[in-house]
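Subject: Handover of a structure and its findings

Dear colleague,

Please find the structure for your review below. A written account of the findings follows directly after it.

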Amino acid sequence: MDKIDRKILTLLQKDATMPVAEIGRKVGLSTTPCWRRIQKMEEDGVIQRRVAVLDPAKVNVGVTVFVSVKTNEHNDTWMRKFSGVIDEFPEVVEFYRMSGEVDYLMRVVVPDIGAYDAFYKRLISKINLTDVSSAFAMGQIKYTTALPLDFAIVVDDDK
C-alpha cells in the first residue's frame, strides 16, 4: 500500500459510489490505473465489501442497545454454538468476544424497548447465559464506518 492507495481508500470510505474516473482525478491517476488499484485492494481483502449505510430511524431501528454477556462456559464448542445462535438474530449488528469482566459484547438495534424484550426472550431461550446486562444508548455522539488510515503500513513511494 502506498500513499495513493490510502487516498483512494479515504475517498471510498466516504462514498463507495464515487466513479472511478473521479477517484482517479482526485488522486492524480487516470481511470484504468485507479481501477486496477481498487481491484487489487479488493483481491487482497483490504476492501472487504461496499455497502450502503442506512439511517436507523428511517428503517425503524432507532434504539441501540449494548448487551454485555457473561458465561461460565469458556470453550471453543460453546463459543461456536453461541456465535451460531447470534447469527440467527439480525438485530445484532456487532458481536465481540471481550477481555476483562464481560465475556461478549453485542450492539443490538431495535425499534423500541418492547422489541428488545422480545429479542432478549428469544436469545435466552436458545442458549444458557450466566449474566446479561443491557445499556440503552441515549443518543449517538459519533458514528463512522471509516477506519483511520494513519496506521496503515505505507511503502515509501518517494524512493
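Throughout this message, contact, or touching, means heavy atoms within 4.5 Å. The structure is a predicted model, in which local features need pLDDT of at least 70 and side-chain atom pairs count only at pLDDT 80 or more, while totals for chains, interfaces and linings use all residues. Residues are numbered from 1 along each chain as its sequence is written, and side-chain values use heavy atoms, with hydrogens and water left out.

Overall form

The protein chain contains five helices and four strands; helices (H or I, at least four residues) and strands (E, at least two) are DSSP runs, numbered from the N terminus. Their order from the N terminus is α-α-α-β-α-β-β-α-β. The radius of gyration of the protein chain is 20 Å, whereas a compact globule of 159 residues would have one near 15 Å; the value is taken over C-alpha atoms, and the globule rule is 2.2 Å times the number of residues to the power 0.38. Along the principal axes, the C-alpha atoms fill a box of roughly 55 × 40 × 25 Å.

Of the 159 residues, 26% are buried. Here, buried means under 20% relative accessible area, exposed over 50%, and partly exposed in between (1.4 Å probe, protein chains only). Among contacts between residues at least 6 apart in sequence, 65% join residues at least 24 apart.

The nonpolar cores

A nonpolar core is a set of buried Ala, Val, Leu, Ile, Met, Phe, Trp, Tyr and Cys residues joined through side-chain atoms within 4.5 Å. The largest such core has 18 residues, of which Phe82, Met106, Val108 and Leu123 touch the most other members. Strand 1 (63-70), helix 4 (76-87), strand 3 (104-110) and helix 5 each supply at least two residues of this core. Apart from it lies another core, of 14 residues, among them Ile4, Leu9, Cys34 and Met41.

Beyond four places in sequence, the residues that Met106 touches include Val65, Phe82, Ile86, Phe95 and Leu123.

Phe89 lies in the loop between helix 4 and strand 2 and counts as buried, because its relative accessibility is 2%. Neighbours within four places in sequence aside, Phe89 is in contact with Phe119, Arg122, Leu123 and Lys126. Phe89 and Arg122 are 33 residues apart in sequence, yet their C-alpha atoms are 9.2 Å apart in space.

Glu91 is found in the loop between helix 4 and strand 2 (92-97). Glu91 counts as buried because its relative accessibility is 15%. Not counting residues up to four places away in sequence, Glu91 touches Arg107, Val108, Val109, Val110, Phe119 and Arg122.

Lys126 belongs to helix 5 (residues 113-126). With a relative accessibility of 39%, Lys126 counts as partly exposed. Residues up to four places away in sequence aside, Lys126 touches Lys81, Val85, Glu88 and Phe89. From Lys126 to Ile86 the separation is 40 residues in sequence and 9.6 Å in space, C-alpha to C-alpha.

Thr64, in strand 1, counts as buried because its relative accessibility is 16%. Setting aside neighbours within four places in sequence, Thr64 is in contact with Arg107, Val108, Val109, Ala135, Phe136 and Ala137.

With kind regards
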